[in-house]
Amino acid sequence: MEREELDITAQLARLELSDEEKKRFEQAVFQMLEYFSKMREFDVEGLPPTAQMTQTNRTRKDAVIVNKETEAILGNAPELEDRFIVIPNVL
Amino acid sequence: MHKTEEPSSWSRTLADPTQRASWMQFVRDQDARVRAFLQFDPELGRELATAAGSTPSDSTPTGSLSGIPFAIKDNIAVRDFKLTCGSKLLKDFISPYTATAVQKLLERGAVPVGKTNLDEFGMGSSTENSGFGMTYNPWDLERVPGGSSGGSAAAVAAGLVPFALGSDTGGSVRQPAAFCGVYGLKPTYGAVSRFGLVAYASSLEVIGVIARQISMIREVFSVIRGQDPRDHSSVPYDEARSAEGGGRITVGVPDLGSISLHEEVQSAWEKTLDGLKGLEVTLKPIELPTLEYLVSAYYVIACAEASANLARFDGVRYGNRTAGFSGNPEQLVRWSRSSGLGDEVKLRILLGTYVLRSGFQDQYYLRAQRIRTAIRREFEGAFSGVDLILMPVYPCGPFKWGSEGLDPFSQKLSDIFTCSANMAGLPALSFPASVENALPIGMQFLGPPFAEERLLQACELFARVFPVPTCPLYRSPQTEGPRGSEGSRAQSGGQERG
């Protein structure tokens, strides 16, 4: 994989790669993409894609479910101010 | 041996304070070498069991699992326990809730005693990809226990717990079970609720069971299965289809074609076929020509789904943030992910992001999904003529850890026999088939959807010619100390690691 392609992909994946990592991943990603190209030999003509396994779409009632785990959920936040999660300034 | 492994002896282990203390000490001593657990806290588990309405110390047990300790792979949620997924990004995360599968076991009186090590987010085949150090194979501490549910398999094989839960996305329950000489069930897709399982590849993964006794697998599976309103991919368990069959079994034996097996697996494969013939099982050759395209299609799908599922780990609402961070929110997300995630996870996210990029989807993701249809149809065709299909679990036996082992690329190619069941959504059960050069080798049966009972019966049948082997470090709750001289050999192997 070209370095530029890797940079675009990392950007989309929201990963910051060091130069040393880029070197390593370039090779590992290339090796896997090469391997993926084996799929080209396979004739997929007329085969519909399998996107999910259960083949059904189940819906639920549009009803309020009270969540009793709020405190435990907030307890996992990296930084809190009262009941607000702190993030760096957006502007 | 069987007598001491009955669930009732385990339930006494936990109920009696003296036995409990001695068992906890035993687990801590054993685990100093095996390192199966990331967190071991039976008292916390007992509190949860009490809160679930079951009292482990009660002298009138409500079910056969009452008071039985079990371990849970650390990508499955248990309230108040940590839920690290083997990732530094989640090293301090405490689960606010309990997975449905665990909750069902709690309601039957089983007691969660700890969380087991895994390859980060389930990505790997050796448990070497954990952010918190590796786990060692109790058969030989210089070897890996397999993965990604390596901690669960090692804990069961060493006799620390009678059963453990794992997750299987491409073989992560069956391969470590095979490497550790125990049974590992990957249920039918959708049969067990995944509420509380941290998502990696949603169209492939299921929660599975690892145990030394087939009866224990059956019991646990009967409790955890069933549709769950909180998991919309779960399905009602088809009892009618489950009961089909009976009588003489016909087992399909695929032509492995160009796929080469290591010597020890080849030998075990031949012994398994001979053993089955002796049991008056009918063996019938079958062909699965799509098998050789399967691993590439599997990794395209798994990585694509992983890149989407793991986008949620951004260090904003939970998870580790880069220390002393002062930037903008976008950078916070990038830095948290980059410092918190390990190499294998980053690689799969990159691959998944790449194959889903506009312009590449037809070539990779869509094509992989079409190949998936082909393998599903191939299995459907095969099952019209046979009851079960026999396959090896892995092309080699338990390999050494570190540079003497199997490189990450070879590990991926070796998923060929296990990932087929995930691609087709089929149940599969790996079983100990032989011990070669003092290491266990596993084989697996695959069945049509909801044929778990058929798989269990076939393994019970095979256990007549090859019963579950005992690893050198194993000790049942009623016996003292590791057995024989092999125990001290394995022990000395453990001293050398860093």
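In this predicted model, strand S5 (residues 183–186) and strand S10 (residues 428–436) of chain B pair in the antiparallel sense, with three bridges between them. One residue to look up is B:Lys186, whose bridge partner in S10(B) is B:Ala428.

Now for the sheet around this pair. In chain B, eleven strands make up an open sheet with mixed pairing, and their order is S1-S3-S2-S4-S6-S5-S10-S11-S9-S7-S8. Strand S1 (37–40) and strand S8 (282–286) of chain B are the edge strands; each has a single partner strand, so one side of each is left without a neighbour in the sheet. From one strand to the next, the twist averages 30 degrees.

| Helix (chain B) | Strands met (chain B) | Angle |

Which residues have the most contacts inside the largest nonpolar core? They are B:Phe70, B:Tyr183, B:Ile210 and B:Val300, in a core of 165 residues. Helix H10 (residues 291–309) of chain B supplies the largest share of this core, 13 residues.

B:Tyr183 is worth a look in the viewer. Leaving aside neighbours within four places in sequence, B:Tyr183 is in contact with B:Ala177, B:Ile210, B:Ala211, B:Ile214, B:Ile217, B:Leu429, B:Ser430, B:Phe431 and B:Cys459.

Key
Residues are numbered from 1 along each chain as its sequence is written. Chains are lettered from A and ligands numbered from 1 in the order in which they are written. This is a predicted model: local features need pLDDT of at least 70, side-chain atom pairs count only at pLDDT 80 or more; totals for chains, interfaces and linings use all residues. A nonpolar core is a set of buried Ala, Val, Leu, Ile, Met, Phe, Trp, Tyr and Cys residues joined through C-beta atoms within 7 Å. A residue is buried if 20 or more other C-beta atoms lie within 10 Å of its own, exposed if 12 or fewer, and partly exposed in between; C-beta atoms are placed from the backbone. Helices (H or I, at least four residues) and strands (E, at least two) are DSSP runs, numbered from the N terminus. Two residues are in contact if their C-beta atoms, placed from the backbone, lie within 7 Å. Two strands pair if DSSP finds at least two bridges between them. Axes are lines fitted to C-alpha atoms, for helices over the stretch in contact, and angles run from 0 to 180 degrees between N-to-C directions.
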